[in-house]
Amino acid sequence: MTTEVPARLDRLPWSRWHWMIVIGLGTVWILDGLEVTVVGNIASRLAEPGSGLPITDAQVTGMAAALYVAGACTGALVFGWLTDRYGRKRLFLITLGVYLAATALTAVSFSAWWFFLFRFLTGFGIGGEYAAINSAIDELIPGKYRGRVDLVINGSFWLGAMGGSLLSVLMLNTNFFALNVGWRLTFALGVVLGLVILLVRRNVPESPRWMFIHGRAEGAEELVAAAERRIEDETGRRLPEPDKAITIRTRKSTGFIEIARTLFRAYPRRAVLGLALFIGQAFLYNAITFGFGSILVKFFGVPSGDTGYYFAVIAFGNFLGPLLLCGLFDTVGRRPMISGTYILSGVLLFITAWMFGNGWLNATTMTACWCVVLFFASAGASSAYLTVSEVFPMETRALAIACFYAIGTAAGGISGPLIFSDLTASGVVADTALAFSIGASLMVAAGLVAVFLAIPAERRPLEDIAEPLSARAAAASASGPADG
């Protein structure tokens, strides 16, 4: 079949229809940031006698954190495959439902095993969200806006982190809430936020690109036509005619072997790029954030109860990076911006390690240095998600996102803590400076990979960046009789 749906979507001007998509889908990163930060900040409270949960601080930050990461990696892979097979909308509703149920049950934890189980399932739902949401966003947002929208949405993780830091300070204040109540209410508020998002998300459409490839051409045409009418009514102007059509051969699913062959045999340079970007940012972030609290306490004498305020400042700097730099990824271009943000953040972290090693920093200036480093690193890390979601064929998109997310998250959530925990906890200045230098080295290395391998995908339709497998199948089918 031949369709103009991709070209019709890419020519749409920005509208309230697009804002609905951004709000409905993008807020999941706020949830993830809230989850990760809250659990880290309430670890000490959960371990106190009278919390209502027999668990130790080390179990919360160790076993529970590892299970959350394992759940996120598993959920990304499972739901990534299901998203490519059964559609974006069905899965982004299911994954949010999994998150809501698991978080609600975490709030009523009565034993360590119960807490561990539902931390794993919370991560399972959040990991699945990444694949379903990134796929839908890239396929619904016009190419000329795709870079900036994707970066800001991924960067909104840090709004959740900032909120989680401040929320935990309030909820753990025993002047307001009992010792065994405040941490439970913290999780309950995550459920409330998720329910609000679910109500908005119900109005977000299925990806028309996914629909026409899976034989639902009539539904895709109707969905795009409705969006066009709505935007024409909003702007009072007729939309220009689409300038391109694509011919595809419909399919119901894509097998794992074909997906693996596509990712690593048909696009090996892009696969290396994706791995480098995810692993580089994972190690840089773990080098800083894994031991930031103990660094402030041990080296600068910051009271442990005040570290949440410092983290809120760091989180705000993280959000500003994608917010202020996002437009440059669509104008200056992907390659210079991806490589530039990676290399610059790595170099700045080297400088921070040198200044820290020489004893030239205090708690305030150390936090300021982290903010500057992460201002650029956050934009780079967000561009990693953008890259793997736009440089592979549509039929593999969700699982490609899931694959690289799982590898990067595993590297950061498993290898990172194993390497950095002893270094940042030793109390030796040189050890912590070495941790910073390791993270900086891998970030710079990833930036150098991007110099040579990054794809100039700015303002281009997805189908031009990576031809759909269905279009190749249609071309092969059309040429078959003539070749015979």
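This note sets out numbered points on salt bridges, cysteines, a helix and a strand residue in a predicted model.

1. Basis of the note. The model is predicted, so local features need pLDDT of at least 70 and side-chain atom pairs count only at pLDDT 80 or more, whereas totals for chains, interfaces and linings use all residues. Residues are numbered from 1 along each chain as its sequence is written, and side-chain values use heavy atoms, with hydrogens and water left out.

2. Salt bridges overall. A search of the whole structure returns 16 salt bridges. The term denotes a side-chain nitrogen of Lys or Arg within 4 Å of a carboxyl oxygen of Asp or Glu. Three of these pairs are taken up in the points below.

3. R8 and E228. The side chains of R8 and E228 form a salt bridge with an N to O distance of 2.9 Å. This pair links distant parts of the chain, since R8 belongs to helix α1 (residues 5-10) and E228 to helix α11 (residues 217-235), 220 residues apart. Helices are DSSP runs of H or I with at least four residues, strands are runs of E with at least two, and both are numbered from the N terminus. R8 has 10% relative accessibility and therefore counts as buried; E228, also at 10%, counts as buried. Here buried means under 20% relative accessible area, exposed means over 50%, and partly exposed lies in between (1.4 Å probe, protein chains only).

4. R146 and E390. In the salt bridge between R146 and E390, the closest N and O atoms are 2.8 Å apart. Because R146 lies in helix α7 (residues 143-155) and E390 in helix α17 (residues 363-390), the pair ties together parts that are 244 residues apart in sequence. Both R146 and E390 are buried.

5. K244 and D464. A salt bridge also joins the side chains of K244 and D464, at 2.9 Å from N to O. K244 sits in the loop between α11 and β2 (246-247), and D464 in helix α20 (residues 462-465); the pair links distant parts of the chain, 220 residues apart. K244 is partly exposed at 40% relative accessibility, and D464 is partly exposed with a relative accessible area of 36%.

6. Cysteines. How many disulfides does the structure hold? There are zero, a disulfide being a pair of cysteine sulfur atoms within 2.5 Å. For C326, the closest cysteine sulfur is in C371, 19 Å away, so the separation is too far for a bond. The sulfur of C369 also has its closest cysteine sulfur in C371, at 9.4 Å, which is too far for a bond. C326 is buried, with a relative accessible area of 10%, and C369 counts as buried at 16% relative accessibility.

7. Helix α2. Is helix α2 (residues 16-26) mostly covered or mostly exposed? Helix α2 is mostly covered, with eight of its 11 residues buried. Among them are W17, M20, I21, V22 and L25.

8. T3. Strand β1 (residues 2-3) contains T3, which is buried with a relative accessible area of 2%. The T3 side chain makes a polar contact with the side chain of E221 at 3.5 Å. A polar contact is a pair of N or O atoms within 3.5 Å; within protein, one must be able to donate a hydrogen and the other to accept it, and residues adjacent in sequence count only if both atoms are side-chain atoms. Leaving aside residues up to four places away in sequence, T3 touches F212, E221, A245 and I246, where contact means heavy atoms within 4.5 Å.
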